[in-house]
Amino acid sequence: MKNKRRRTGFIAVCVTPAVLLFIIFMLIPTFDVFRMSLYKWGGYTVDKTFVGLENFKKLFQNPKFYQAFQNSILLIVLVTLVTFTLALIFAAILSREKIKGQNFFRIVFYIPNILSVVVISAIFSAIYDPNQGLLNSLLRVFQKDADPILWLGNQKLVIYSIVIAMIWQAVGYYMVMYMASMANVPESLYESAALEGAGRINQFFSITLPLVWTNIRTTLTFFIISTINMSFLMVKSMTNGGPDGASSVFLSYMYQEAYTNSSYGYGMAIGVMVFLFSFALAGILNAVTSREEIEY
């Protein structure tokens with residue numbers, strides 16, 4: 001009994017600091033966001049006016065919110081699909097194929113992940129520069145008299161330009177994670193499949209993918225939620241939501257309303273919607289990707 005009390009006390013001492021930090025820096029700010037979304041407040045004054053759900057009513061009547069919502073969904077879908085497809089393909093090739101300089105390719109693919117968002121934004125802003133940018137310079141090789149393309153200034157192209165930058169930043173990180181999972185798959189399974197006449201592609205879908213699915217499912221949920229945050233950083237650094245809101249996303253719209261337009265209560269209402277959307281998306285994703293775990 002005495003040892004049990006000591007063990008319980010030791011666990012309590014270890015867990016208490018983490019619980020306190022979680023309450024102070026996570027729970028209390030989250031509840032405060034919900035509370036402030038019910039007020040009309042500029043953020044820099046003492047006066048606050050309780051307006052109930054008026055901020056949410058205003059939110060659902062604002063076309064800028066729906067534009068930011070549409071852009072966020074587009075980024076989540078495109079970046080997730082392309083990133084995970086490329087990461088799985090590259091991981092499978094570098095894990096199973098005998099390629100000279102495999103470690104070199106691993107390092108090269110991983111380098112974008114160690115760069116800050118500001119550096120990545122500066123790199124792609126330079127690439128997309130309409131006059132001296134690498135992309136337009138390459139296009140001039142084939143079309144010398146063509147007008148420069150405004151990659152970040154065109155309402156139809158800007159969001160796809162950001163998609164490319166986000167994919168470039170994330171592919172290497174998830175490729176390395178999947179390579180670690182694929183390295184644990186027994187080679188005997190591939191040998192047996194090869195004897196049965198299964199090719200590389202069939203082996204990937206029937207052996208590799210099912211055995212690393214748990215890792216894919218976990219990273220998929222994490223990536224989609226983190227994409228909401230990453231999209232804000234990219235947009236803020238590269239376009240600031242322009243042109244005319246064409247690249248505005250959830251958090252950039254919230255930041256603009258709360259801190260630029262001094263509509264803090266309205267901005268917190270946007271934050272509540274982002275929280276609910278993220279929570280619901282994670283739940284749906286877990287339900288859709290749920291499957292029986294395969295052991296080997």
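Reader: Which backbone nitrogen lies 2.8 Å from a polar atom of the side chain of Ser252?
Author: That of Val249. A polar contact here is a pair of N or O atoms within 3.5 Å; within protein, one must be able to donate a hydrogen and the other to accept it, and residues adjacent in sequence count only if both atoms are side-chain atoms.

Reader: What are the ground rules for the model?
Author: This is a predicted model, in which local features need pLDDT of at least 70 and side-chain atom pairs count only at pLDDT 80 or more, while totals for chains, interfaces and linings use all residues. Residues are numbered from 1 along each chain as its sequence is written, and side-chain values use heavy atoms, with hydrogens and water left out.

Reader: Where does Ser252 lie, and is Ser252 buried or exposed?
Author: Ser252 lies in helix 11. Helices (H or I, at least four residues) and strands (E, at least two) are DSSP runs, numbered from the N terminus. Ser252 counts as buried because its relative accessible area is 10%; buried means under 20%, exposed over 50% and partly exposed in between, using a 1.4 Å probe and protein chains only.

Reader: What does Ser252 touch, not counting residues up to four places away in sequence?
Author: Phe232 and Val235. Contact means heavy atoms within 4.5 Å.

Reader: How are pocket, cavity and volume defined?
Author: On a 1 Å grid over the protein atoms alone, a cavity is a set of points where a 1.4 Å probe fits but cannot get out, and a pocket is an open set with protein on both sides within 12 Å along at least five of seven lines; lining residues have an atom within 4 Å of a point. Points are joined across faces, edges and corners, and a volume is the space filled by probe spheres set on the points.

Reader: How many charged residues are in the pocket lining?
Author: None; the lining has 17 nonpolar residues, four polar and no charged. Ala, Val, Leu, Ile, Met, Phe, Trp, Tyr, Cys and Pro count as nonpolar, Asp, Glu, Lys and Arg as charged, and the others, Gly among them, as polar.

Reader: What about Ser278: buried or exposed?
Author: Ser278 is in helix 12 and is buried, since its relative accessible area is 13%. Leaving aside neighbours within four places in sequence, Ser278 is in contact with Ile225 and Ile228.

Reader: How many cavities of 30 Å³ or more does the structure hold?
Author: One. The largest cavity has about 30 Å³ of space and is lined by Ser72, Leu75, Ile76, Thr227, Ile228 and Ser231. Helix 3 (63–96) and helix 10 each give two or more of these residues. By class, the cavity lining has three nonpolar, three polar and no charged residues.

Reader: Which residues touch the most other members of the largest nonpolar core?
Author: Leu75, Tyr178, Met182 and Met234, out of 64 residues. Helix 7 (residues 158–182) provides the largest share, 14 residues. A second, separate core of five residues includes Met36, Trp41, Tyr264 and Met268. A nonpolar core is a set of buried Ala, Val, Leu, Ile, Met, Phe, Trp, Tyr and Cys residues joined through side-chain atoms within 4.5 Å.

Reader: What is Met182 in contact with, leaving aside neighbours within four places in sequence?
Author: Leu88, Ala91, Ala92, Ser95, Phe204, Thr208 and Val212.

Reader: Backbone geometry. Which residues does a cis peptide bond join?
Author: Gly242 and Pro243, with omega about -5 degrees. Pro243 is in the loop between helix 10 and helix 11. Asn240 is found in the loop between helix 10 and helix 11 and has phi near 55 degrees, a positive value in a residue other than glycine. Asp244 also has phi near 55 degrees. Asn240 counts as exposed because its relative accessibility is 53%, and Asp244 counts as exposed at 68%.

Reader: What does Leu152 touch, not counting residues up to four places away in sequence?
Author: Ser125, Tyr128, Val158, Ser161, Met238, Thr239 and Pro243. Leu152 is in the loop between helix 6 (134–142) and helix 7.
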